[in-house]
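Good morning, and thank you for coming. Please look at the sequence and the structure on the screen while I describe how the chain is arranged.

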Amino acid sequence: MTGWNTLGGFSYYFKENDPIKGRLEHGPYKYLGKLSYWEANQNLILRWGSKTDIPSVYTCKLNLNANFHFDLGMSSARTKWGTALGRAISSSSSSSANIAYYGGTVAQINNLKIFDPVESWDVGWTVSESSLEGVWKYNSNMKYGYKITEPVRGYIVDRWPIPPINTDPCVNVCTHEMGHALGWHGHTPDWNSVMYPLSSNITTLTNIDKRHLTQVYN
Ligand SMILES: [Zn+2]
């Protein structure tokens with residue numbers, strides 16, 4: 001049968017189409033709790049250790065182009081996600097901070113030799129390390145829960161060089177990437193949300209953006 005069962009104080013998920021009926025699919029998985037929402041097109045969600053564990057963020061603007069609003073975007077992203085998660089996300093002056101983002105041209109980011117070469121369509125990228133923490137229950141389904149292990153590194157590409165400039169696309173990309181750094185895996189199909197896969201002028205986190213992530217920190 002498909003469903004959740006309890007063995008020795010832990011909950012496990014059994015799958016009906018498993019070749020050996022009732023066999024633990026990959027488990028045992030630690031039961032992490034019940035989720036009220038699922039907004040992602042992926043079956044897993046990540047988090048830092050706990051609500052009080054949200055790390056500080058190092059940012060490094062590599063180019064001096066005043067039309068590249070990387071610092072504003074990152075500051076805005078920290079404030080918005082911090083408010084959503086109920087905790088201030090501070091900035092760090094150390095490049096060894098748990099989260100670090102670099103902003104610059106394609107050449108500048110490639111010169112860091114931290115990331116794979118920037119693709120021609122990339123506006124931002126986030127790389128995180130994580131390990132399986134357990135499983136969440138959403139309705140009768142299971143979702144994988146991963147714990148982020150430091151460091152998380154990412155970049156924002158300067159794609160907005162021509163004035164007069166609108167700050168919004170850069171702020172949108174910074175806020176989107178920060179969502180990934182905090183554990184938002186995959187994307188929402190809702191094009192009004194920041195966690196939609198394509199960049200836009202939207203800079204305000206929607207309920208879809210917020211509730212998907214905040215629930216695993218509560
Ligand atoms: Zn994304």
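Two strands are said to pair if DSSP finds at least two bridges between them. Helices (H or I, at least four residues) and strands (E, at least two) are themselves DSSP runs, numbered from the N terminus. Before I apply these terms, I must state that this is a predicted model, in which local features need pLDDT of at least 70, side-chain atom pairs count only at pLDDT 80 or more, and totals for chains, interfaces and linings use all residues. Residues are numbered from 1 along each chain as its sequence is written.

The protein has four helices and nine strands. Read from the N terminus, the order of elements is β-β-β-β-β-α-β-β-α-β-β-α-α.

Let us begin with strand E9, residues 141-157. Which strands pair with E9 in the parallel sense, and over how many bridges? Strand E7 (residues 99-104) runs parallel to E9, and six bridges join the two. Within that pairing, Tyr101 stands opposite Gly154 of E9. Strand E4 (residues 44-47) is also parallel to E9, with four bridges; here Leu44 has Tyr144 as its bridge partner.

Strand E8 (residues 124-138), by contrast, pairs with E9 in the antiparallel sense, over 13 bridges. Lys137 is bridged to Met142 in E9. Two residues lie between the strands of this hairpin, and Asn139 takes a positive phi near 50° there.

I turn now to burial. A residue counts as buried if 20 or more other C-beta atoms lie within 10 Å of its own, as exposed if 12 or fewer do, and as partly exposed in between, with C-beta atoms placed from the backbone. Of the 218 residues in the protein, 34% are buried.

Why is Trp81 classed as buried? Trp81 is buried because 25 other C-beta atoms lie within 10 Å. This residue lies in helix H1. Two residues are in contact if their C-beta atoms, placed from the backbone, lie within 7 Å. Leaving aside residues up to four places away in sequence, Trp81 touches Ile89, Met178, Gly179 and Leu182. Trp81 and Gly179 are 98 residues apart in sequence, yet 7.4 Å apart in space, C-alpha to C-alpha.

Finally, consider helix H4, residues 207-214, where Asp209, Lys210, His212 and Leu213 are buried. Helix H1 (70-85) and helix H3 (168-182) are among the elements that cover these buried residues. Across the whole protein, 69% of the contacts with a separation of 6 or more join residues 24 or more positions apart.
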